Amino acid sequence: MIVFFDYCRAMAHAHKGYGLAFHIPNESKSSIQRRMTMKRAGVKKGIPDICVPIANDKFASLFIEMKIKPNKPSPEQMQLIRELNQVGNYAALCWSADEAIEMLNKYLNNQL
């Protein structure tokens, strides 16, 4: 993920979308009480790791769930990806920083 955001910082001059990309820190390990408080505060299971909140010609925003093999997406993550796609976003799973960078470039250049 750091490689992805290093790339975004380096490319921020080229397109506003690179500078707007952000990580959604949703992977914390915490006590049951803290998880309940976070859930009440709007933290939702399955939210993708990366959001690029800028529209292109086809989609409202880009969401990327990052995984490194052998890890697999949870059912909640796959469900959220489907739901985000159904409401006009482009949401997908990437297995490397290079794959996520390629997806971001295609998204910002209207090639998806």
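A word on terms before the details: buried means under 20% relative accessible area, exposed means over 50%, and partly exposed is in between, with a 1.4 Å probe and protein chains only. This is a predicted model, so local features need pLDDT of at least 70 and side-chain atom pairs count only at pLDDT 80 or more, while totals for chains, interfaces and linings use all residues. Residues are numbered from 1 along each chain as its sequence is written, and side-chain values use heavy atoms, with hydrogens and water left out.

Let me start with the cysteines. By a disulfide I mean a pair of cysteine sulfur atoms within 2.5 Å. How many disulfides does a search of the whole structure find? The search finds zero. C51 is buried, at 5% relative accessibility, and C8 is buried as well, at 3%. The sulfur of C8 has its closest cysteine sulfur in C51, 12 Å away, which is too far for a bond. Seen from C51, the closest cysteine sulfur is that of C8, again at 12 Å.

For the element names, helices are DSSP runs of H or I with at least four residues, strands are runs of E with at least two, and both are numbered from the N terminus.

Next, α5 itself. This helix has 12 residues and reaches 16 Å from its first C-alpha to its last, close to the 16 Å expected at 1.5 Å a residue. The expected span is 1.5 Å times one less than the number of residues. Its buried residues are A97, A100, I101, M103, L104, N105, Y107 and L108, and they pack against α1, α2 (16-20), β2, β3 and β4. Contact, here and below, means heavy atoms within 4.5 Å. Just after the helix, N110 takes a positive phi of about 55°.

Leaving out residues up to four places away in sequence, L104 touches F4, C8, Y18, V52 and L62. L104 and I64 are 40 residues apart along the chain, and their C-alpha atoms are separated by 8.9 Å.

On to the strands. Two strands pair if DSSP finds at least two bridges between them. β3 and β4 pair in the parallel sense over five bridges. M66 stands opposite C94 in β4. β4 is mostly covered, with four of its five residues buried.

Last, the charged pairs. A salt bridge is a side-chain nitrogen of Lys or Arg within 4 Å of a carboxyl oxygen of Asp or Glu.

In the pair D6 and R9, the closest N and O atoms are 2.6 Å apart. These residues are three apart in helix α1 (residues 2-11), so about one helical turn separates them. D6 is partly exposed at 41%, whereas R9 is exposed at 56%.

K45 and E76 form another salt bridge, with closest N and O atoms 3.9 Å apart. K45 lies in the loop between α3 (32-40) and β2 (50-52) and E76 in helix α4 (residues 75-86), so this pair ties together parts that are 31 residues apart in sequence. K45 is exposed at 63%, and E76 is partly exposed at 32%.

Are E65 and K67, the remaining pair on my slide, buried or exposed? E65 is buried at 2%, and K67 is buried at 14%. Their closest N and O atoms are 3.6 Å apart.
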